[in-house]
Amino acid sequence: MNFTLTIEVIAAMIIVLLVIYSLDEKSARNTRTRSYRCCLYVSLAAIAADALSVWGIRHIMEIPVWVNVAISSLNYLLVNFNSAVLALYLSGQIFEHFPKHHYKKKIFAVIAAMYGIVALAVVGNLFSGCLFGFENGQYVRGPLNLLGYAVLISYVALVGISYLVNSKIASASMRNAMRTMPYVVCGVVMLQLLYRNVMMNGMVAALVDLILFLSFQSSRNSADYLTNLGNRGAFVEELAVWTRRKRRFHVVLLSLNKFGSVNREFGQKNGDEFLYAVARYLDNFSANARAYRLGSLEFALLCPEEDCRRIGHCIEIIRERFTRPWEIGDMEYRLSVSFADILWNGQDWDGTQIIERLEYAMIQAKAKGSNGWVHFDERLNEMMEHQKHMIEQMREAIANENFAVYYQPIYCWGVDLFCSAEALVRMIDKDGRIVLPNEFIPLGETTGLIKEISWIIVEKVCAFMASHPNLGLKGITINMSMQQFMDAEMEHILDKIVRKYGIDYHVLKIEITERIVSEDPEKAKKIMESLTQKGVCFYLDDFGTGYSNFSVVLSLPFDTIKLDKSLTDKVLGTEKEREIVGSIVEMFVKAGYSIVAEGAETEQMVEELKKLHVDRIQGYYYSRPLPDAEFVKFMRNKKD
């Protein structure tokens, strides 16, 4: 008996610890958590009754028989009620995402009926002693004493069969529980049957409760540390379950914009409080919806069919909330947010593919600016699939170096010669089709593939210059991407290529945009000064496409400024526009820069550019970009 009490005390301590951890959960209002707590409280009550029953039997000579019968009857009822409650909890997890709710009712009815049999047996035992009794100062087991264990095994079998029949819609948590629980329960029951004098009811309950906690309640692997919402992994798992159940659902993705300004104004800790406030709002948005934190500034709301009868309604509500400031104590801030959403209606997408589509839609939403919203539809799906196809083509082209360099001549009108050219890349797909830069360069920049493409082009250009040293070119300009230019190995790789083809550095003209240098002006300056000392010339590309920081430009060792076509076109605009372009050109010329005007397409435009004393002119008026063989022919014809 002492050993039995020791086991019961250990079991009670395990359950008390689980209660404490459960109370610490911020998701206390969650139905699953409330149900689990109910299991814990019933288990504690059953253990208390079991311990009281053992105590009563030990003091059988000091306590009236009817008191011991009452205590043991209560114990029998509570132990079996605990088994029934645990079986109901597990059944609820199995059928959580099952579309036909009447199955849940049937399981409930079967468990209730089985417990009803136990309750009737306990009542009958008061008159017949079929379960247990007390004779001659001893506890005596009746012929049906093992009924409780038989019912327990039946509960286990019922849950096991329900799981096997519906395993396709079961969550990973449910699968983890079913890998261990039946074996643990059956093992302890077998020990109980072998050692009849040792009561293990409490330990069975404690072990089952512990397995349930590890499988369903522990937030270590499934909850975000800050907001206590489900994390990205939990979201993917939940999407997998929802897609298997074949019912419509709606997913909303929210991304907070420019949140760094919140941290700068209020501090990191208070910034986290704003994130927590957003999380709590989303978590309480709907009784049926579930909120998740997918990234530092990204949240998702998963809504079942009954919450998405009119797609977009929930987004309209959330958007309206974000038009008002968020208040944290005496702090308030109006947060900027972008939205993307998707309706799953049986498409052949798994959880990861749904997230991929949401994130693609989010890119489009962010392009719209603050409060932008994009719904992922068939049109967007076609765009995304085309993009994926293009990325595959790029990877294949990189592997096979299937890129061609086209050269557009640049005219030096002062000496009436085509003195240089710009190298422009074309991709050749697996069908031999020429793919223009605007189709793949932006994708290359976002995927990081642009760096590999850029080095392929540099090598091809250097090989071309080495093969044609007598074309009369002072140099060929090469566009460098940000990833390529800022790479720590850039100078080393460039040195290696230049030495390989035996060309002079001074024939290399590197074009970079202001966006590249503005990322890290100090680093850019060091790189440029180092290469300038070797003879490389730098061109500032696309000048005039947006805001230009003249102080940054003037502080860097650029040799030439290239006027973007949008600026070149203005020489044929209003008098005010011509004056502005003229002032810009004059300012740079006086500062010692050479000027190249891009996009010259007509004779009138060329004449106006000459009047502004632009050094060099590039555009279709003189020539389109040419494949290397045609470019060589063009240059030789012009020399002749």
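Predicted model: local features only at pLDDT ≥ 70, side-chain atom pairs only at ≥ 80, totals over all residues.

User: What radius of gyration does the protein chain have, against a compact globule of 640 residues?
Analyst: A compact globule of 640 residues would come out near 26 Å. The C-alpha trace of the protein chain spans about 130 × 55 × 45 Å along its principal axes. The radius of gyration of the protein chain is 38 Å.

User: What percentage of the residues of the protein chain count as buried?
Analyst: The cut-off for buried is under 20% relative accessible area. The protein chain exposes about 31100 Å², and carbon and sulfur atoms supply 56% of that area. Of the 640 residues, the share that counts as buried is 50%.

User: What share of the contacts with a separation of 6 or more comes from residues 24 or more positions apart?
Analyst: Take the contacts in the protein chain with a separation of 6 or more. Residues 24 or more positions apart account for 69%.

User: How do helix 3 and helix 5 run relative to each other, parallel or perpendicular?
Analyst: Helix 3 covers residues 65-94 and helix 5 covers residues 147-165. Their axes lie 10 Å apart, at an angle of about 0°. Angles under 35 degrees count as roughly parallel. Helix 3 and helix 5 are therefore roughly parallel.

User: Which residues meet where helix 3 packs on helix 5, and how many of them are charged?
Analyst: From helix 3 come Tyr76, Asn80, Ser83, Ala84, Ala87, Leu90, Ser91 and Ile94. From helix 5 come Leu147, Gly148, Val151, Leu152, Tyr155, Val159, Ser162 and Tyr163. By class, this contact has eleven nonpolar and five polar residues, and the number of charged ones is none.

User: How do helix 13 and helix 14 run relative to each other, parallel or perpendicular?
Analyst: Helix 13 (residues 378-400) and helix 14 (residues 437-447) have axes 10 Å apart. The angle between them is about 85°. The range 65 to 115 counts as roughly perpendicular. Helix 13 and helix 14 are therefore roughly perpendicular.

User: How many charged residues are in the contact of helix 13 with helix 14?
Analyst: Gln387, Met390, Ile391 and Met394 in helix 13 meet Glu439, Phe440, Leu443, Gly444 and Thr447 in helix 14. Five of these residues are nonpolar and three are polar, and the charged count is one.

User: Is Arg616 buried or exposed?
Analyst: Arg616 sits in strand 18. Its contacts beyond four places in sequence include Tyr411, Cys412, Tyr539 and Val596. Buried means under 20% relative accessible area. Arg616 has 11%, so Arg616 is buried.

User: How far is Arg616 from Lys562 in space, C-alpha to C-alpha?
Analyst: In sequence, Arg616 and Lys562 are 54 residues apart. In space, the C-alpha to C-alpha distance is 9.3 Å.

User: Which residues does Ser72 touch, not counting those up to four places away in sequence?
Analyst: Ser72 is in helix 3. Its relative accessible area is 4%, so Ser72 is buried. The residues touched are Ser53, Phe132, Phe134 and Tyr139.

User: What is the phi of Lys258?
Analyst: Lys258 lies in the loop between strand 3 and helix 9. Lys258 is exposed, at 72% relative accessible area. Phi is positive in this residue other than glycine, near 50°.

Terms used. Residues numbered from 1 in each chain as written. Heavy atoms only, no water. Axes fitted to C-alpha atoms, helices over the stretch in contact; angles between N-to-C directions. Helix = DSSP H or I, 4+ residues; strand = E, 2+ residues; numbered from the N terminus. Parallel < 35°, antiparallel > 145°, perpendicular 65-115°, else oblique. Contact = heavy atoms within 4.5 Å. Nonpolar A, V, L, I, M, F, W, Y, C, P; charged D, E, K, R; others polar. Rg over C-alpha atoms; globule rule 2.2 N^0.38 Å. Buried < 20%, exposed > 50% of the residue type's maximum accessible area, 1.4 Å probe, protein only. Areas by Shrake-Rupley, 256 points an atom, 1.4 Å probe, with all protein chains shown as cover.
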